[in-house]
Amino acid sequence: ASRLNSMKDRRDLAGDLPNDPLGWVRRQGEIEGLDFVDFNYPEHLGGLEETDVKEALSEAGLRCGAVCLRYPASKYRRGSLTHPDAAVRAEAVALTIEACRWAEALGASEVCVWSAWDGYDYSLQADYDALWARLVDGFRQVCDAAPGVKVSLEFKPTDENTRFFAVPSTGSALLLAADVDRENFGLTIDIGHCLAAGENPAQSIAAVAARGKLFGVQLNDGYQRIGAEDGLIFGSVHPLMAREFIYWLRRSAFGGHVYFDTFPRNEDPVRECELNIRQVKRLWEAAGELERTGLQSKLDAHDALGTLETLEKTGELK
């Protein structure tokens, strides 16, 4: 899947396709190798009829991969599942459950939750224990209301909306998953978010997959500036890190779909997505070759030079 909102850009290349969510779906249908569309809710699906969405997907030759929460700022700027007003929190839970209903209706098995607002900006602004308890309670309500849907948290350390998120790292996200304690609650690993947190994305994949909580992945790249998320083409800045990420994704037997969370505002978004797809397929095959050439023995020995020499011999390290 690829970022539907990217289809808003470079309208000079979009022909006569409508500049609306269903038109963007049809534009994504032009992307060679793309299989899925991930919709934002309520941003993309609000006000639409289920039959119209299904028709657009069918015409584009695509399927719905996931429904992703985007809580409107007008109501949730002080928090969605963590809002200080219990009535607003209840509305956020209801909105999330409605996203689960959309996912089921469109044949998707996952709802990805990213809230721009669940955190704080200043010291002495928030009661951290209360924030955490509200998240645990909110996610339990959603998971119990939609037991057939995988509810996945896309955690992030910081951005301009919330300087400190309530769940800022892989470790804290795994702790939240343990506290929520629901089989259908898991995590989505976004490479850009891991980089912004100063983490190695491949290590995050290994830790989350080992605990059975890897529900989704979002691929991109960036320059690793503190707090920045650049949304560049996968593997364009950190090629070796991208290679290791795919190796661990393959090793973990990940069975979901990958989502390209990139921001091609100045590029042709169709060509940009096709390049991302080729990158993943190439690196997936290269990961298999690494396995066949005995990478595990080098990992067991912590032999960095041995791994790099292997990559050099295969032409992958230049």
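Reply:
**The sheet and its surroundings**

A14 sits in the segment before α1. The model is a predicted one, in which local features need pLDDT of at least 70 and side-chain atom pairs count only at pLDDT 80 or more, while totals for chains, interfaces and linings use all residues. Residues are numbered from 1 along each chain as its sequence is written, and side-chain values use heavy atoms, with hydrogens and water left out.

A14 is buried, at a relative accessible area of 5%. Buried means under 20% relative accessible area, exposed means over 50%, and partly exposed lies in between (1.4 Å probe, protein chains only). Now find Q28. A14 and Q28 are 14 residues apart in sequence, yet their C-alpha atoms are 10 Å apart in space.

Next comes the sheet. The sheet is open and has 7 strands, in the order β1-β2-β3-β5-β7-β8-β9, with parallel pairing. β1 and β9 (258–260) are the edge strands, so each pairs on one side only. From one strand to the next, the twist averages 30°. Two strands pair if DSSP finds at least two bridges between them. Strands of a sheet pair through backbone hydrogen bonds, either parallel or antiparallel.

Of its 6 residues, 6 are buried. F36, D38 and N40 point one way from β1. V37, F39 and Y41 point the other way.

β1 and β2 run parallel and are joined by 6 bridges. N40 stands opposite C68 in β2. Y41 stands opposite L69 in β2. β2 is mostly covered too, with 6 of its 7 residues buried.

Look at Y41 again. The peptide bond from Y41 to P42 is cis, with omega near 5°. P42 belongs to the loop between β1 and α2.

S152 stands opposite G186 in β7. Helix α5 (residues 128–145) lies across β3 (110–113), β5 and β7. α5 runs at about 150° to β5. Such angles run from 0 to 180 degrees between N-to-C directions, and axes are lines fitted to C-alpha atoms, for helices over the stretch in contact. Contact means heavy atoms within 4.5 Å.

The loop between β4 (119–120) and α5 holds L124. Phi of L124 is positive, near 65°, in a residue other than glycine. L124 is exposed, with a relative accessible area of 87%.

α9 (residues 239–251) and α10 (residues 269–292) pack at an angle of about 70°, with axes 9 Å apart. They are therefore roughly perpendicular to each other. Angles of 65 to 115 degrees count as roughly perpendicular, under 35 as roughly parallel, over 145 as roughly antiparallel, and the rest as oblique. From α9, residues including I246, Y247 and R250 meet α10 residues that include L283, W284 and E291. The contact of α9 with α10 divides into 10 nonpolar, 1 polar and 5 charged residues. Here Ala, Val, Leu, Ile, Met, Phe, Trp, Tyr, Cys and Pro count as nonpolar, Asp, Glu, Lys and Arg as charged, and the others, Gly among them, as polar.

One last stop is H302, in the loop between α11 (295–300) and α12 (304–313). Its phi is near 55°, a positive value in a residue other than glycine. H302 counts as exposed, at 73% relative accessibility.

Terms used
Helices (H or I, at least four residues) and strands (E, at least two) are DSSP runs, numbered from the N terminus.
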